[in-house]
Amino acid sequence: ISKSILAAGVAAAALLGSNFAASAQEVIKFAHVVAPNTPKGQGADFFKKRAEEILGDKVQIEIYPNSQLFDDDKVLAAILRGDVQFGAPSLAKFGKWTKKLQVYDLPFLFKDMDAVSCFQNGEKGQELLNAMSSKGLTGVGYWHNGLKQLSANKPLRAPEDAAGQKFRIQSSDVIAAQFEAVDAVPQKMAFSETYSALQTGVVDGQENTWSNIYSKKFFEVQDYITESNHGLLDYMVVTSTKWWDGLDPEIRDGLAQAMKEASDYANGLSAELTAEQRQAVIDSGETEILQLSGEEFAKWQTAMKPVWDEFSGDIGQDIIDAAAACN
Ligand code: LMR
């Protein structure tokens, strides 16, 4: 054999070898829409750190925050295609895939985040992680963000104040019904488009958590924020059942461990970040925070509560009852 053929053979073998090495490493993409300095952003970064500590070179975890890779209306299909392995859309964004998760959007369902944890950790909440199994999606955990506040350019103290106002909402029929219940005009829109829609007046207001209001600067383009705590914005971390089940068991166990730790971390951090970022919004002086009296709060509750009956058939009364029992 001539030397050059031998050399070519050695080079080809080396290439083959390096390809084998590369394919042995599982590259895992996690896409989300919020800023890194949020409960979900921090949870995702923690998951990367722990998974790479536990599994070493066997995995490479890539986190794509700020809708860099996909908006939430695209991410679940992308997971099924294998373009991305993990996403954590808000529980309001699964309506196309299952009606049961709509429970989380019912206005005034949870009185605080302890009630949310109680439901998520209980039997019905855990069952809901599998609500999309027939569609090929597995829920691997719940992550908290927090309770939602209402913002607008006029003070919203009573439900009548919202009448005729256009609100950007997540893609949830329950949230649409919630705003229609106070004669407001809901407009479904991607999170990534919200700031500019508020700034240019395409919509008058929105509802979101302190963390999202702060990290996406919504407070800079809204004159008033009503501290209404009227609904929940939490997440389900999801992956493709087929991909997850097909993983090398060692990798799957390591990822499951990292996910468990990341869930504990994100859920522990959310209250702290919420308090910190709420205070930062107040300190900015850019917007006025309105507190509701007990009577005013009750009026919003009464106006929005009929939404429960509208969706109880789709959700299941047993699920709603289990959630309400956690208060
Ligand atoms: C929103 O669209 O307002 C939220 O779902 C964004 C998020 O992921 O917190």
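## Two Packed Helices

In this predicted model, helix H2 (residues 39-55) and helix H10 (residues 249-284) have axes that come within 8 Å and cross at roughly 150 degrees. Because angles over 145 degrees count as roughly antiparallel, H2 is described as roughly antiparallel to H10. The crossing of H2 and H10 is right-handed.

The residues in the contact of H2 with H10 may also be sorted by class: 15 are nonpolar, five are polar and three are charged. In general, the angle between the axes and the distance between them are used to describe two packed helices.

## The Six-Stranded Sheet

The model also contains an open sheet of six strands, with mixed pairing and the order S7-S6-S8-S5-S9-S11. Its edge strands are S7 (185-188) and S11 (288-290), each of which pairs on one side only. On average, neighbouring strands of this sheet are turned by 25 degrees against each other, direction ignored.

Within the sheet, strand S6 (residues 166-169) pairs with strand S8 (residues 205-208) in the parallel sense, over two bridges. Phe167 stands opposite Gly205 in S8.

## The Surroundings of the Ligand

Which residues surround the ligand? They are Val33, Val34, Ser90, Asn145, Gln170, Phe191, Asn208, Asn212 and Leu233.

Sorted by class, the shell around the ligand comprises four nonpolar and five polar residues. The shell has no charged residues, whereas the contact of H2 with H10 has three.

Conventions
Residues numbered from 1 in each chain as written. Predicted model: local features only at pLDDT ≥ 70, side-chain atom pairs only at ≥ 80, totals over all residues. Pairing = 2+ DSSP bridges. Helix = DSSP H or I, 4+ residues; strand = E, 2+ residues; numbered from the N terminus. Axes fitted to C-alpha atoms, helices over the stretch in contact; angles between N-to-C directions. Near = placed C-beta within 6 Å. Nonpolar A, V, L, I, M, F, W, Y, C, P; charged D, E, K, R; others polar. Parallel < 35°, antiparallel > 145°, perpendicular 65-115°, else oblique. Left-handed = near helix turned anticlockwise from the far one by under 90°.
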